[in-house]
Amino acid sequence: MGEESFDVIIVGGGLAGCTAAYVLAKAGVEVVVVERGPFSGAKNMTGGRLYGHSLEKVIPGFACSAPVERRITKERLSFMTDESATTLDFSSEKLGEPVHASYSVLRSTFDRWLADQAENAGALFVNEIRVDELIVKDGCVCGIRAGEDRMRAHVVLLADGAVSLLGQKLGMVPPLDPHKMAVSAKEVIQLDEGTVSDRFGCAQGEGCAWLFDGSCTDGHIGGGFLYTNTDSVSLGVVTTIGDIDRSDASVPEMLGRLERHPVVAPLIEGGTLREYTGRMILEGGVSAVPELVRDGVLIAGDAAGFGMNIGYCVRGMDFAIESGRLAAETILKARESDDYSAKTLSAYLELLNDSFVMRDLKFYRDFPSFMEKTRRMFTEYPALLEEVMLGMFCIDGSEPKKLSKKALTAARRVGIVNLMRDMRKGLGAL
């Protein structure tokens, strides 16, 4: 590579990096994306859920051409014991309306498609390159070094994932806090399109997002998830790193427990394993957001700590896309005055604060702490719900009892005061 110069260098070809590259390239900016994998999405195996509103701003009607799997029209949330699951099930066509639409996606194909859009707009992608360090001159970031090669730019955008080593080297991203990071084990199980639709009661092209709480993570902080793809399901578990040592089960063992659960096992029966991976995930909410701007550099996406899990909803992809777009708009504004100082680039912070990214992170800022301090959510409450449900639906000829009495008996096992306190704190955090 020698030494080359560009207007903008983006480190990382994920959703944030590709979105920023697309916006910049369309505006005529000379931008290069440096990606460690052989292609964008190569490191993002398995699947997840994309809330479409953020990408819709960048590429209107993207779902008509993008490789989305299914439009989510069913939401399920289960509280599990080893033998049962108490499930909240919600289905509505409104979930699939354009303003609310979300999609299951397989990141390896979806990220590659988004990179193609940026490349077609004029962005240059350099793959299979690991950036070793940032070039800093007089306190200003002005390029990158990869091996013996150097690339210079007016500004560098770091979109290098949840563990931003480059951000840490600059001192912008603090050392990882195990209580703000989670680790997951995920897999894609191949079925066929008709089987997926039948087992989840979905029409063609429509799908289900299902979250699990309780025994699947051995009663520790975290949970399971399942997303229906066109002809497969994405299944996984996630638990905070700080909580792993409290469990005798490893994360892969937790995934195996979820696979074997009597509610889940029939849904994946006969399927074949297509992909299996593990990765780190940000779950610290707004408290995990690091310093985002310095002279010549911005941070976006997972590297910026933009991730959130509030139990019934997991966010990250829409945050990454929006932050990539806003970073690009900031760079375009700075380009007008040819000033890439932290003072000028701090407009990025204003845009973020006015966007749903920081608004939502701040709104739910207390929920990660609530989950960490309320372990009954993963142990006693699933068992309480199981007892109430058995009392409602098990008919054996014994003397009937009022439902209120059955529920009160179950609640006393947890403690009425504990139950009321947790309900108040939980509702307050939401």
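Glu329 is partly exposed, with a relative accessible area of 33% (buried means under 20%, exposed over 50%, and partly exposed in between, using a 1.4 Å probe and protein chains only). The model is predicted, so local features need pLDDT of at least 70 and side-chain atom pairs count only at pLDDT 80 or more, whereas totals for chains, interfaces and linings use all residues. Residues are numbered from 1 along each chain as its sequence is written, and side-chain values use heavy atoms, with hydrogens and water left out.

**Helix H8**

- Helix H8 covers residues 317-337; helices (H or I, at least four residues) and strands (E, at least two) are DSSP runs numbered from the N terminus.
- From its first C-alpha to its last, the 21-residue H8 reaches 31 Å, close to the 30 Å expected at 1.5 Å a residue (the expected span is 1.5 Å times one less than the number of residues).
- Because 15 of its 21 residues are buried, H8 is largely enclosed by the rest of the structure.

**Salt bridges**

- There are 18 salt bridges, each defined as a side-chain nitrogen of Lys or Arg within 4 Å of a carboxyl oxygen of Asp or Glu.
- Lys57 pairs with Glu322, their closest N and O atoms being 3.1 Å apart. Since Lys57 lies in helix H2 and Glu322 in helix H8, this bridge ties together parts that are 265 residues apart in sequence.
- Lys57 is partly exposed at 45% relative accessible area, whereas Glu322 is buried at 2%.
- Arg325 counts as buried, at 14% relative accessibility. Shared partners join Lys57, Glu322, Arg325 and Glu329 into one network of salt bridges.
- Arg76 and Asp89 also form a salt bridge, with 2.9 Å between the closest N and O atoms. Arg76 belongs to strand S4 and Asp89 to strand S5, so this pair ties together parts that are 13 residues apart in sequence.
- Arg76 is buried, with a relative accessible area of 15%, while Asp89 is partly exposed at 43%.

**Second largest pocket**

- The volume of the second largest pocket is about 660 Å³. A pocket is an open set of points on a 1 Å grid over the protein atoms alone, where a 1.4 Å probe fits, with protein on both sides within 12 Å along at least five of seven lines; lining residues have an atom within 4 Å of a point.
- Of the 33 lining residues, the closest to the centre of this pocket are Arg49, Tyr51, Glu75, Leu95 and Ser102.
- The largest share of the lining, 4 residues, comes from S4.
- The lining residues divide into 21 nonpolar, 6 polar and 6 charged (Ala, Val, Leu, Ile, Met, Phe, Trp, Tyr, Cys and Pro are nonpolar; Asp, Glu, Lys and Arg are charged; the others, Gly among them, are polar).
- The second largest pocket lies between domain 1 (2-66 + 105-175 + 285-353) and domain 2 (179-280), because both give residues to its lining; the domain bounds come from an automatic or database assignment.

**Positive phi angles**

- Glu128, although not a glycine, has a positive phi of about 60°. It is found in the loop between strand S7 (124-127) and strand S8 (133-137), and counts as exposed at 58% relative accessibility.
- Asp338 lies in the loop between H8 and helix H9 (342-345) and is exposed, with a relative accessible area of 54%.

Conventions:
Grid points are joined across faces, edges and corners, and a volume is the space filled by probe spheres set on the points.
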